[in-house]
2 protein chains.
Amino acid sequence: MKRFLSIFFLLFSVVITCWAQRPPAISSPDLHADKTVTFRLYAPNAKKVSLSGEFLKANELMTKDNAGIWSVTVGPVKPDIYPYSFTVDSIQVADPNNTYVFANERFKRSIVDIPGNTPLLHALQNVPHGKVTYRNYKSGTLKTTRQLLVYTPPGFNPNGKTKYPVLYLIHGGSDTEETWTKVGRANLIADNLIAQKKAKPMIIVMPYGNVRPAPMPDFTQDVTKDIIPFIEANYPVLTDSKNRAVAGFSVGGGQTLNIGLTNTDKFAYVCSYAPYTATEEFQKNFTNWNPNAAALNKQLKLFTISVGTEDFLYEPVKQNIAMFKEKNINLETLIVPGGHTWMNCRLFLANSLQQLFKN
Amino acid sequence: MKRFLSIFFLLFSVVITCWAQRPPAISSPDLHADKTVTFRLYAPNAKKVSLSGEFLKANELMTKDNAGIWSVTVGPVKPDIYPYSFTVDSIQVADPNNTYVFANERFKRSIVDIPGNTPLLHALQNVPHGKVTYRNYKSGTLKTTRQLLVYTPPGFNPNGKTKYPVLYLIHGGSDTEETWTKVGRANLIADNLIAQKKAKPMIIVMPYGNVRPAPMPDFTQDVTKDIIPFIEANYPVLTDSKNRAVAGFSVGGGQTLNIGLTNTDKFAYVCSYAPYTATEEFQKNFTNWNPNAAALNKQLKLFTISVGTEDFLYEPVKQNIAMFKEKNINLETLIVPGGHTWMNCRLFLANSLQQLFKN
């Protein structure tokens with residue numbers, strides 16, 4: 001029997017050597033106590049490797065050691081969650097050793113979470129946690145079955161007496177239905193704000209907003225004719241407009257304006273983050289728009305537009321804000337530093353969650 | 001007003017030009033009716049780009065067009081879901097234009113789904129769908145809060161009278177708690193088999209199995225002392241051993257043997273896929289193992305080991321099978337063609353789901 005086992009483990013060592021032809025497991029990103037971070041990439045044959053990240057002003061060149069591992073240490077970095085990638089001889093790559101990939105259709109970047117000395121609002125804290133459920137619904141509008149994510153708050157009981165308000169939360173242009181949780185941490189921000197009693201317990205529905213090759217108006221219909229009925233048939237929710245909100249970022253911020261402002265009977269809360277509005281649907285809805293401002297202002301409990309001053313959409317967003325104000329629409333604005341980033345998205349969402357369903 | 005809008009849209013076109021500095025949106029993978037597939041990558045400065053994929057015998061060189069887009073058309077490819085990646089001047093990259101990333105901690109590859117002419121068992125079909133919920137649980141064993149995924153079958157009611165059997169399903173060594181859904185499609189395979197009445201409605205719990213830097217035995221404790229009690233406190237489940245199963249692939253297949261065979265009072269179903277067993281825990285459990293075979297065989301309703309003949313673990317798996325048989329343990333084996341792949345994993349899971357909780 002002992003000989004049997006010796007052969008057995010000998011065989012294994014051969015097998016493991018074979019398996020080990022994978023690149024070595026290295027620690028990246030490697031977070032240090034002083035908020036500096038070391039990034040590493042195994043690329044023995046590369047000629048030039050650099051790090052780009054939304055915590056950097058410019059790309060940082062990395063240097064190679066004798067084992068073929070490139071590295072650079074940056075920071076201290078302000079605590080937040082940031083996208084980053086490596087550029088290896090001119091090709092952009094995600095960090096192979098980092099599980100957390102930015103959920104997106106057009107690029108593959110990684111995300112690094114620099115924790116605060118006291119936990120940040122998007123951190124997993126020692127509070128009751130809600131759940132995020134992946135579901136399929138049939139879209140009659142788009143004639144397909146699509147996936148959406150549903151956040152239900154701590155203590156949620158699908159058959160209980162409590163009925164919840166609902167926020168429909170839309171991602172950016174090449175993002176996916178997972179981006180608001182995987183990058184935006186919408187679930188953890190909600191958990192923490194609910195625990196602090198700063199946000200009302202609510203359901204957050206995160207649909208997939210990209211509609212291709214059809215034009216975008218189909219998504220407005222998908223939300224109003226397919227997604228809302230699906231949610232209302234399957235969850236204990238309040239169904240009047242003042243218990244329904246729509247919010248979104250970038251292309252989703254533009255969709256938010258289209259969906260919300262043309263359906264004020266359905267949505268009393270419209271929160272648009274750095275909206276991208278150069279779409280046919282927006283042009284059709286708002287070019288010769290002649291709203292009854294008094295009626296609209298009465299229906300809307302909250303209409304906000306948020307943007308960063310370094311956002312590449314800052315100028316058109318300002319034009320939109322001016323346009324809505326010119327029409328005498330009540331509008332709150334949140335103008336902060338920063339660009340077209342998910343760091344700002346999380347900030348905007350945290351702000352909205354504290355305002356929703358309160359009047 | 002019209003002038004205002006003209007300026008407005010002029011501004012936008014500037015903005016869009018700026019945004020467009022991203023790589024062009026290209027279609028990849030591009031599936032054709034004859035089951036050939038075109039893969040494309042924008043890499044104008046690369047010198048050599050090739051495609052590697054588990055549907056290929058050897059890497060395929062790609063060729064560059066004048067726009068800097070590399071491409072290759074391969075196949076026809078046998079319908080299935082396959083991992084693939086590009087090698088750009090010696091660095092491996094996921095396909096930036098493909099949303100579907102192989103959930104893994106050590107590499108970033110993409111997955112391509114070649115549909116069958118009649119829908120495959122892992123395809124989204126027109127049947128009732130279960131849900132996949134992402135939850136946090138506190139692990140007293142590991143002293144942290146960890147995420148797990150829970151599949152609940154169609155018609156599941158957390159407060160209903162129906163109580164469900166539970167399968168605990170563990171990923172491979174550098175995979176994550178998402179790999180069994182994102183790559184393994186465990187949820188859709190279950191939906192389809194339940195619709196066909198070939199599998200019993202069940203709950204499938206997919207924990208995160210990697211325990212670092214602690215040794216692996218902690219995960220056995222995490223499952224038995226933390227995860228099972230969490231599930232039983234939060235879901236209407238049957239709690240006797242013949243309504244509890246454990247299954248897993250590769251490192252998870254080894255964990256399955258450790259967890260299942262040392263806890264036959266808890267698990268009557270143990271399904272191990274291409275198990276990796278060169279671990280201290282396995283050595284400790286099975287080196288001088290002297291089981292009461294009759295008692296064990298009575299407790300175990302089903303014990304299976306599945307593996308592909310081209311699996312790099314085929315030889316040690318065969319040795320393990322021989323070892324268990326030598327101990328007179330009742331054991332079903334499923335030996336199929338193919339390697340250490342998720343194509344085989346889906347097959348093994350589909351086979352197990354039809355056997356679980358039936359006797």
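Chain A and chain B bury about 6,000 Å² between them, with 65% of it on carbon and sulfur atoms. Buried area is the accessible area (1.4 Å probe) that two parts lose on being put together, summed over both. This is a predicted model: local features need pLDDT of at least 70, side-chain atom pairs count only at pLDDT 80 or more, and totals for chains, interfaces and linings use all residues. Residues are numbered from 1 along each chain as its sequence is written, chains are lettered from A, and side-chain values use heavy atoms, without hydrogens and water.

The contact (heavy atoms within 4.5 Å) draws 70 residues from chain A and 69 residues from chain B. Two salt bridges link the chains. Each pairs a side-chain nitrogen of Lys or Arg with a carboxyl oxygen of Asp or Glu within 4 Å. One of them joins Lys182(A) to Glu178(B), at 2.3 Å from N to O.

Which element gives the largest share of the side of chain A that touches chain B? H1(A) does, with ten residues. That side of chain A divides into 36 nonpolar, 22 polar and twelve charged residues. Here Asp, Glu, Lys and Arg are charged; Ala, Val, Leu, Ile, Met, Phe, Trp, Tyr, Cys and Pro are nonpolar; the others, Gly among them, are polar.

Key. Helix = DSSP H or I, 4+ residues; strand = E, 2+ residues; numbered from the N terminus.
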